[in-house]
Amino acid sequence: MTNRRNFLGGAGAITGALAAASVSKVAMAALPEPVTQSTPNTMPPLMPPGGRPYNPVVTLNGWTLPWRMNNGVKEFHLVAEPVVREMAPGFKANLWGYNGQSPGPTIEVVEGDRVRIFVTNKLPEHTTVHWHGQRLPNGMDGVSGLTQPPIRPGKTFVYEFVARRPGTFMYHPHADEMTQMAMGMMGFWVTHPKAEHPLIEKVDRDFVFLLNAYDVEPGSATPKIMTMLDFNLWSWNSRIFPGIDSLNVRLNDKVRIRIGNLTMTNHPMHLHGHEFLVTGTDGGPSPKSTRQYEVTTDVAVGQMRQIEFLADEEGDWAFHCHKSHHTMNAMGHDVPTLIGLDHKDVARQITNLVPDYMVMGERGMADMGEMEMPIPDNTARMMTGEGPFGSVEMGGMFSMVKVRRNQKPGDYSNPGWFKHPKGTVAYELDGPAPETSRQRDPGAAAMPARNMPAKNIEVQIRKPGSGHSGH
Ligand SMILES: [Cu+2]
């Protein structure tokens, strides 16, 4: 029914699946066949097979949902369902998502398109889909109880509206939200402009991803849904470093990255080696007068920020959330600070009781990156990622923008590690460093110490009522 083979190039990962059994055969005939995705890899951009042309986005560790045209309407079929998401190599989580993965697939349309989205609920509880940021008829807004009845398990609802303004949007349930978002139900939506737009620049690469967070106990696989703030996995599109793909670009490409935040806290997103402009928010493209160069931009809860830069410096540039505990993976949070403590004696005493006891943290936590300490099955290491110079000691919300001279236009594949030109890498000094000498001279620029108070300061206390001296 769909012509997905035409535009997905026979990608073996994508399979048709039957809709919920409760939908009758007659109803089925009207539904586009749902398409599901079985891998967490970054899929190539989905070139539009028809309709108005646009430069498609690339979803980091994700994919774009194919559609069919039906009498001038773009039809999509989302299936809300439990999924197993590989969050990093060796670590799988039981999440809820759409069409086989969490987050769900990106939906891409063009300004002015009439869009019909079939939503089939295969979850054990009711759901809805809210189209975050869109202009649409109130009854299509997807708020359970307020604008529609909930979609009961096994049922399919139809949403239909015109994508009225170009921009970057998100979708997520508006029913039992805390549970369903804690379980990973969310996705991205991009509406491309229908014509040249004064505030929407043409770019060579256009990446999208969602910030999300989970609380999964080490050794388990299902998020704790009652967690409100103390999440332990900070992810991009439900992937954690080193499971997050790099953003691979060609030298001098214009690059756009659209970042949506559906966690319960803000994330200052920081790019190394380049300055960027924030060119858009959920409200649409930003007026040029509001744009300033930045290297970090905060993405608050429920917000989308769209950044753009010219990738004119070759290398493997770190790109990450600047909250340092968001670039770590799950651990016990209750580890005390032991830096500077020599606790050999304590360790010796404990070893008498617990033979496998291991001391951690007396030289900092970096050892955790390399340590071959046994961890429970199905647990991501806290700080890891093997780089060309050793452990990167990162986890969570961390990846790289890889800028390469030889990257082909439209080639999103990973070029491997950067080969630094000779003499451009920080190096170790031969021989011992000179002794430290303490600076004695305050220096010419220092403020001279004039009118120093007397060594022994005598405090004069004037008792109340003993008279005023003129004021
Ligand atoms: Cu963060």
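The chat below walks through some features of this predicted model.

User: Let's start with strand S8, is it buried or exposed?

Analyst: Strand S8, which covers residues 114-121, is largely enclosed by the rest of the structure, because seven of its eight residues are buried.

User: And which strands does S8 pair with?

Analyst: Strand S5 (residues 73-88) pairs with S8 in the parallel sense over eight bridges, while S8 and strand S10 (residues 156-162) pair in the antiparallel sense over seven bridges.

User: Which residue in S8 does Phe-76 stand opposite?

Analyst: Phe-76 stands opposite Ile-117 in S8; turning to the pairing with S10, the bridge partner of Arg-116 there is Glu-160.

User: OK, switching to aromatics, how many pairs does a search of the whole structure find?

Analyst: That search finds 13 aromatic pairs. In one of them, Trp-131 and Tyr-171, the ring centres are 5.8 Å apart and the planes stand at 50°, so the pair is tilted.

User: Which residues are linked into a cluster by ring pairs?

Analyst: The cluster linked by ring pairs consists of Tyr-98, Trp-131, Tyr-159, Phe-161, Tyr-171 and Trp-189.

User: What about charges over rings, what lies over Trp-67?

Analyst: Lys-74 lies over the face of Trp-67, at 4.6 Å from the ring centre. There is also Lys-402, whose charged end sits over the ring of Trp-417, 4.4 Å from its centre.

User: Now the surface, which residues form the nonpolar patch?

Analyst: The patch is formed by Met-178, Met-226, Met-228, Leu-229, Met-264 and Val-301, which together have about 630 Å² of accessible area.

User: Why does Met-228 count as exposed?

Analyst: Met-228 counts as exposed because its relative accessibility is 52%, and the cut-off for that label is over 50%. Met-228 lies in the loop between strand S13 (205-214) and strand S14 (233-236).

User: Last one, where is His-272?

Analyst: His-272 lies in the loop between strand S17 (267-271) and strand S18 (276-281), and at 30% relative accessibility this histidine counts as partly exposed. Although His-272 and His-320 are 48 residues apart in sequence, they are 8.8 Å apart in space, C-alpha to C-alpha.

Notes:
Residues numbered from 1 in each chain as written. Predicted model: local features only at pLDDT ≥ 70, side-chain atom pairs only at ≥ 80, totals over all residues. Heavy atoms only, no water. Patch = residues over 30% accessible without salt bridge, like charges linked within 9 Å, V, L, I, M, F, W, Y side chains within 5 Å. Areas by Shrake-Rupley, 256 points an atom, 1.4 Å probe, with all protein chains shown as cover. Salt bridge = Lys/Arg side-chain N within 4 Å of Asp/Glu carboxyl O. Helix = DSSP H or I, 4+ residues; strand = E, 2+ residues; numbered from the N terminus. Buried < 20%, exposed > 50% of the residue type's maximum accessible area, 1.4 Å probe, protein only. Pairing = 2+ DSSP bridges. Phe/Tyr/Trp six-rings, centres within 6.5 Å; stacked < 30°, edge-to-face > 60°. Lys NZ or Arg CZ within 6 Å of the ring centre and 35° of its normal.
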